[in-house]
Structure formats: structure tokens, C-alpha cells
Amino acid sequence: MSARGSIGSMMAATLVSRALGFLKAILLVAAIGGTSAAVGGQTFESANSAPTYLVALIAGGVLGAVLVPQIVRNLQDGQVGQENTDRLLTIVLVGGALATLILTMLAPGIVWIYATTWSAQWRGLATSMAYWCLPQIFFLIAFAVLSQVLNARGVFGAPAWAPAISNLLGISGILVFLFALPSGLGPVGSWNPLMVAVLSGSATLAIASQALLLLIPLRRIGFQLRFRWGVGGLGHMSTLACWTLLGVIAGQAAYLVTSNVANSAGKILNQLGIDGPSLNSLSIAYLLMLLPHGIVTVSLTTALYTRMSGSAARNDLAEIEALSNLAMKPVAYVAIAATAAFVALGPLITEVLFGNPIIGHVLQILAIGLVGFSQAYVLNRTSFALQDARGPFTTQLVIAGLSTAGSAAALLLPPELTVVGIAAGISIANFAGWLTAQLSLQRTLRNRGHVPVGRPRHPRLRPPNRRSDQQFRSRAVPSGTHRHANRISRPGHPADDRGGRRCRTFHHGELATRRPNNWRPPPTVDATRVMAPAAETAGNKSRPRRQSQRRTAYGTLPQRGLHSSSVVHGNGLWLGIQPRCQDAARDD
């Protein structure tokens with residue numbers, strides 16, 4: 001399938017999946033609430049979101065960003081590459097299973113970490129839900145691994161449609177909870193084990209289904225996983241994974257602060273009987289904000305990511321930059337339009353969907369940072385395609401630091417405005433992350449010998465070092481070309497600004513020696529040019545100077561201006577005197 005067809009298929013699948021996700025969110029708010037007024041909504045949010053954030057902490061960033069480039073490179077290495085892929089998948093899947101088992105046993109401590117201010121009853125309800133939800137960790141890891149394998153093979157439809165089917169199963173479980181069980185809007189004491197099992201168990205079953213469904217397209221493309229042990233061929237992968245993991249740790253540390261501050265505000269508002277925003281309100285607002293991001297940004301970048309990785313394997317930096325720019329423009333247009341809609345209509349949208357405008361107020365502030373969030377996503381994926389994880393780590397560190405600072409500052413606000421203050425800090429952090437990601441990617445491209453589009457094509461000329469002949473490397477200048485300051489331009493070119501400035505005209509076939517920007521010839525001497533190769537002057541270093549000659553910073557020059565006198569350069573080069581450009585005479 002072509003890139004355009006893949007992008008179209010992924011956008012259609014993402015649109016359907018997001019629509020079903022909204023329907024599930026609407027039903028979930030109707031079943032257990034979406035603000036501080038309901039205990040069940042807050043406890044289920046902490047228990048059900050814990051697997052997602054723990055997967056991100058364990059391997060989410062590594063799997064999504066590093067796995068595809070590594071698999072694409074392995075596909076070009078034949079049997080050796082296949083064995084490296086098998087080792088990589090073995091480590092991830094087996095390690096994920098062990099991590100899931102350990103973390104499920106640590107459910108009480110995990111709940112306490114995300115909600116340190118809750119009472120024992122609230123934490124007990126959240127812990128019973130977490131025991132059902134934490135097994136999602138393995139299936140989320142398996143889905144990430146298998147979908148990246150399919151993406152590396154050019155199969156994008158199945159990984160995009162699997163979440164839609166998963167949302168259907170999740171909706172079925174919520175409908176059973178709504179019509180067959182007591183209301184989940186009551187206090188903590190109204191919850192029983194059957195209610196917890198149906199609500200949390202159906203959520204885990206939905207996540208497991210999306211991973212198991214990918215086994216079908218994998219079988220069709222002939223992929224067979226063979227468990228191989230060892231770390232051979234994964235040395236570079238481990239370096240990238242370390243940087244990515246450090247960035248994820250920074251993000252999760254920021255989320256710990258955010259979740260505790262938001263949960264504390266939700267607990268206080270519940271005790272005061274005030275219906276205000278809490279952590280689940282922030283999560284629902286995030287779900288709404290990420291709708292255009294998921295449909296356009298993720299779909300477009302995922303389809304182009306494999307091509308970027310292939311270009312990086314061929315060291316085609318120009319194509320990588322072109323693909324990145326191709327993704328950034330439509331992403332920016334969609335993000336700006338979505339931001340305008342959310343800021344103007346946020347409370348109205350949530351009033352229609354959830355019957356409450358409180359979530360809309362959080363959405364208004366959160367959507368301001370959507371442009372920066374989407375642009376930073378594209379730039380970080382480009383860096384990962386270049387096998388550079390240090391730039392995304394720096395970006396994530398900036399975002400995490402500013403988000404944490406915003407959450408801490410939100411503690412100074414009243415409880416009903418705390419979550420809104422957190423959203424404001426996240427928006428500011430997203431814009432700062434965009435700027436950091438842009439600078440990091442440009443630095444990476446320049447370090448690899450590629451000048452990014454819009455940057456100067458001709459670097460600043462450096463003064464020569466008389467102690468080294470290598471500093472006097474010359475380059476040919478076309479006929480009629482003018483050298484001015486730091487650039488080369490032709491007559492009539494927009495960059496040709498010769499009026500009253502130092503300018504030297506070179507004729508066809510001549511060579512221009514590097515000189516400092518503030519170079520001036522002696523008052524009685526015009527500009528010089530190389531007349532003969534250095535090889536012709538071998539053995540002439542001992543040639544006696546004439547009385548009319550004197551030393552300058554760039555060689556031995558005569559005291560009187562002669563048009564054809566030969567002189568000896570300090571490094572043994574024969575120099576001749578030539579008239580300068582008339583426009584430059586006024587500067588001397």
C-alpha cells in the first residue's frame with residue numbers, strides 16, 4: 001500500500017476508534033461520574049490509568065520510538081537481523097510478563113503513590129480495582145511490540161483498527177454495569193466486589209483483545225517469533241533505550257506530582273460538597289484534546305516514520321528533513337483549528353457530551369498547548385528515526401520540569417481552580433518542548449553534516465592559521481562572483497550588496513584563499529590572489545626579500561603598489577598584486 005493509502009486507512013481507523021472512545025467516555029461518566037462529586041470515578045481513574053503510565057515508565061517510550069528503526073535496520077541484515085529481532089522481542093515480552101506479575105502484587109503501594117492524601121476507604125476501593133486493571137501492563141506491551149513489527153513491515157491498518165474493536169468490548173462492559181448492577185455514583189460503601197469485577201475486568205479484557213487481534217495479520221505476513229536469548233547485536237539499541245527511559249522517567253515523575261495535586265483537590269471538593277474538576281476531569285479533557293492529534297498527527301507520523309527510518313539507514317538526511325516538514329505543516333493547520341474550536345466551544349462541547357461544563361473549562365486551557373504538543377511529537381519522532389534519543393530526552397526533561405512547576409504552583413490556587421492551573425502549566429510546557437525539540441533536531445542534522453532548510457548555506461570564513469598549511473586550503477570561485485563579508489553572491493543576486501562595502505572581484509579560474517572578515521590590504525597594496533601552486537615554490541623559502549618588501553599578517557608584500565611584482569608568501573606561496581573591486585576602495 002502507498003504512503004497516502006496507509007495514511008488514509010490509519011486516519012479512518014483512528015477516527016472510528018476515537019468516536020467509539022468518546023462514546024465509552026460518555027457512558028463511563030454516566031456510570032461512575034466525571035468530577036469530584038463521585039468517588040467511583042476518581043478511584044477508577046487512578047486504578048485504570050496506572051497500567052498505562054507504568055507501561056510508559058517501563059518500556060513505552062522505548063517500544064514506540066526505538067523499536068521501529070531497529071527492526072527496519074534488521075530487515076536489511078538478512079538472517080543476522082532476524083535473529084537480532086527475535087532477541088529483542090524475547091527480552092521485551094518475557095520482561096513485560098515478569099514486570100506485570102511483580103507490579104500486580106504491589107497494587108496497594110502503587111495506589112498510594114498516585115494518591116497519597118486519600119483516606120483508607122478510598123485507597124481500598126482503588127486497590128481492589130487495581131488488582132483487576134494492572135494485568136493490562138503485559139497486553140499493552142505486547143500490543144506495542146506487535147504493532148511496531150507490523151509497522152516496520154509496512155502494515156498499518158490492523159494496528160489502527162484493533163483499538164476500535166477494543167473500545168467496542170469496553171462499551172459492552174460499561175453497558176452491563178449500567179443496566180445490570182447498582183449505580184456507581186454513590187459513596188464508597190455502595191461498591192461491592194461484583195461491581196468492581198465487571199467494571200475493571202471488562203476494561204482489562206478490552207485491552208487484551210487488541211493485542212491478541214494482531215496475531216492474525218502477523219500470521220498472514222509470515223512472521224514467526226522464535227524465542228532467542230542474549231543481547232548480541234543490541235548494543236546500540238541499549239544506548240538509545242537508556243536515553244529514552246530517562247525521558248520517560250522524567251515524564252512519570254511529573255505525572256506523580258500532577259496526580260497527587262489533582263487527587264488532593266478532588267478529595268477536598270468532595271468533602272466540601274462542591275462539584276469541581278478533579279484528576280478524572282483532567283483525563284477526559286485530555287481525551288478530547290487528543291482527538292485531532294490522534295487522527296492527524298499520530299496517523300501521519302506513524303505512516304512516515306518507517307520511511308524516515310529507512311532514509312536514516314541510508315544516511316539520506318535531506319529526505320528525512322523533507323518528510324518531517326511534510327508532516328509538520330498539516331499537523332500545524334489541524335492543531336490551530338482544533339485549538340480555536342476548543343477554546344471557543346469547550347464548555348458547550350462537554351455540556352452536550354457529559355452534561356457538565358466543568359470539564360470544558362479545563363479543556364479550554366489545556367487546548368492552548370495543542371500546537372506545541374503536536375509539533376514536538378513530530379520532531380521527536382524524527383529524532384528517533386535518526387537514532388538520536390538525547391534530543392527527545394532534553395525535550396521531555398523541559399516539559400516535565402515546567403509541568404511539575406505548574407502543578408506545584410497550582411497548590412496556591414483554590415481547590416476549584418487547582419486542576420485548571422495544572423492545565424495551564426501543561427500548555428506552557430508543551431510550547432517550551434516544541435522549541436527545545438526544534439533546536440535539538442537542527443543540532444543533530446548539523447552535527448551529521450546536513451544544513452537544515454532556512455539555515456546559512458555558507459559558514460563564516462575563519463582566519464587562517466599561519467602555523468599550518470592546511471588552513472590555507474583554497475576553493476574555486478566562478479567567474480564574475482563577488483565575495484562580500486561571509487557569503488558569495490553573483491551580480492544582480494538578492495544577496496549582492498556591494499555598495500560601499502569591502503568587495504573583491506575574482507576572475508575565472510582563480511582561487512580564493514580564506515581570510516578573516518575584517519581583513520584589509522595595506523594602504524598601497526591591492527587585493528592578492530594565488531598565482532601558482534605551492535608545489536612550484538618548493539625550496540624558495542630561503543629566497544631573499546627585496547628592500548621594497550615588508551611582512552604582513554598574510555605574507556611578505558611590497559611597500560609600493562605594483563601590478564605584476566612577484567613576492568614570497570610567509571608559507572612559500574608566490575603571490576601577485578591585482579587591482580581590487582572599485583566598490584571596495586571607499587572603505588580603505
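**Helix packing and bent helices in a predicted model**

Q: Where do α5 and α8 come together, and at what angle do they cross?
A: In this predicted model, the axes of helix α5 (residues 120-133) and helix α8 (residues 193-212) come within 8 Å and cross at roughly 35°.

Q: Is that crossing left-handed or right-handed?
A: The crossing of α5 and α8 is right-handed.

Q: Which residues make the contact?
A: From α5 the contact uses Leu125, Ser128, Met129, Trp132 and Cys133, while α8 contributes Val196, Ala197, Ser200, Gly201 and Thr204. By type, the residues of this contact divide into six nonpolar, four polar and no charged.

Q: Let's stay with Thr204 for a moment; buried or exposed?
A: Thr204, which is found in helix α8, has a relative accessible area of 11% and therefore counts as buried, the limit being under 20%.

Q: What does Thr204 touch?
A: Leaving out residues up to four places away in sequence, Thr204 touches Trp132, Cys133, Pro135 and Gln136. The C-alpha atoms of Thr204 and Leu140 are separated by 9.9 Å, although these two residues are 64 residues apart along the chain.

Q: Changing topic: how far does α12 span from end to end?
A: Helix α12 (residues 317-354) has 38 residues, yet its end C-alpha atoms are only 47 Å apart, whereas a straight helix would reach 56 Å at 1.5 Å a residue.

Q: Where is the kink in α12?
A: A kink of about 75° lies at Leu345, shortly before the proline Pro347. After α12 comes Gly355, which has a positive phi near 75°.

Q: What does α11 look like by the same test?
A: α11 spans only 43 Å between its end C-alpha atoms, against the 51 Å that a straight helix of 35 residues would span at 1.5 Å a residue. The helix bends by about 45° at Gly294.

Q: Why call α11 largely enclosed?
A: Because 28 of the 35 residues of α11 are buried, this helix is largely enclosed by the rest of the structure.

Q: What follows α11?
A: Asn315 follows α11, and its phi is positive, near 60°, although Asn315 is not a glycine. Most residues other than glycine have a negative phi. Asn315 sits in the loop between α11 (279-313) and α12, and it is exposed, with a relative accessible area of 54%.

Q: How does the reach of α7 come out?
A: Helix α7 (residues 157-180) has 24 residues and reaches 35 Å from its first C-alpha to its last, which is close to the 34 Å expected at 1.5 Å a residue. Its buried residues include Pro159, Asn167, Gly170, Gly173 and Phe177.

Q: Finally, what is the overall make-up of the chain?
A: The protein chain comes to 16 helices and 10 strands, and 51% of its 588 residues count as buried. Of the contacts in the chain with a separation of 6 or more, 76% come from residues 24 or more positions apart.

Methods: Residues numbered from 1 in each chain as written. Predicted model: local features only at pLDDT ≥ 70, side-chain atom pairs only at ≥ 80, totals over all residues. Heavy atoms only, no water. Axes fitted to C-alpha atoms, helices over the stretch in contact; angles between N-to-C directions. Helix = DSSP H or I, 4+ residues; strand = E, 2+ residues; numbered from the N terminus. Left-handed = near helix turned anticlockwise from the far one by under 90°. Contact = heavy atoms within 4.5 Å. Nonpolar A, V, L, I, M, F, W, Y, C, P; charged D, E, K, R; others polar. Buried < 20%, exposed > 50% of the residue type's maximum accessible area, 1.4 Å probe, protein only. Expected span 1.5 Å × (residues − 1). Bend = angle between axes of the 7 residues up to and from the residue.
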